[in-house]
Amino acid sequence: MSQTHPAIPYAELRDQIAQILTEGKERARRAVERETVRTAWEIGHLVHNHLLSESDRADYGEQLVLRLSQDVGIDWRKLYEMLKFYRLFPILPTS
């Protein structure tokens, strides 16, 4: 037996759908932002730990960042920012 739902006016239907779309876009934006932060933190973590293992080489950090920049296709300044972010927040922020 099929259930019948009372008809809602078109304007209300349109407004409800527009609201759902707006909320969905906002959830997606926040999810992308969270993943961007997580990605930066993880990269900073990896670079930091690698540099610790090579701490006896004075100029290795600069060489590493420049080489990684070229090899993975990311601006060297962005890599430094990720490293700095990790060092400022060694525990991944949850929000």
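Buried means under 20% relative accessible area, exposed means over 50%, and partly exposed covers what falls in between (1.4 Å probe, protein chains only). This is a predicted model, in which local features need pLDDT of at least 70 and side-chain atom pairs count only at pLDDT 80 or more, while totals for chains, interfaces and linings use all residues. Residues are numbered from 1 along each chain as its sequence is written, and side-chain values use heavy atoms, with hydrogens and water left out.

**View 1. Ser69 is a buried residue of helix 2.**
Start with Ser69, which is found in helix 2 (residues 60-72); helices (H or I, at least four residues) and strands (E, at least two) are DSSP runs, numbered from the N terminus. With 12% relative accessibility, Ser69 counts as buried. Look for its neighbours Ile74, Asp75, Trp76 and Leu79, which Ser69 touches when residues up to four places away in sequence are not counted; contact means heavy atoms within 4.5 Å. A polar atom of the Ser69 side chain also lies 3.2 Å from the backbone nitrogen of Trp76.

**View 2. Helix 1 meets helix 3.**
Here the axes of helix 1 (residues 10-53) and helix 3 (residues 76-88) come within 7 Å and cross at roughly 85°. Axes are lines fitted to C-alpha atoms, for helices over the stretch in contact, and angles run from 0 to 180 degrees between N-to-C directions. The two helices, helix 1 and helix 3, are therefore roughly perpendicular to each other (angles under 35 degrees count as roughly parallel, over 145 as roughly antiparallel, 65 to 115 as roughly perpendicular and the rest as oblique). On the helix 1 side, the contact includes Val37, Trp41, His48 and Leu51, and on the helix 3 side it includes Leu79, Leu83, Tyr86 and Arg87. The residues of this contact between helix 1 and helix 3 divide into eleven nonpolar, three polar and one charged. In this grouping, Ala, Val, Leu, Ile, Met, Phe, Trp, Tyr, Cys and Pro count as nonpolar, Asp, Glu, Lys and Arg as charged, and the others, Gly among them, as polar.

Now zoom in on His48, which is found in helix 1. His48 counts as buried, at 17% relative accessibility. Leaving out residues up to four places away in sequence, His48 touches Leu83, Tyr86 and Arg87.

**View 3. Trp76 and Tyr80 form an aromatic pair.**
The structure holds three aromatic pairs. Rings of Phe, Tyr and Trp (its six-membered ring) pair if their centres lie within 6.5 Å, and planes under 30 degrees apart count as stacked, over 60 as edge-to-face and the rest as tilted. The pair of Trp76 and Tyr80 is edge-to-face, at 5.8 Å centre to centre with 90° between the planes. Both Trp76 and Tyr80 lie in helix 3, four residues apart, about one turn of the helix. Trp76 is partly exposed at 35% relative accessibility, and Tyr80 is partly exposed with a relative accessible area of 30%.

**View 4. The rings of Phe85 and Phe89 form a tilted pair.**
The ring centres of Phe85 and Phe89 are 5.4 Å apart and their planes are at 50°, so the pair is tilted. Phe85 is partly exposed, with a relative accessible area of 21%. Phe89 is partly exposed too, with a relative accessible area of 40%.

Technical notes: A polar contact is a pair of N or O atoms within 3.5 Å; within protein, one must be able to donate a hydrogen and the other to accept it, and residues adjacent in sequence count only if both atoms are side-chain atoms.
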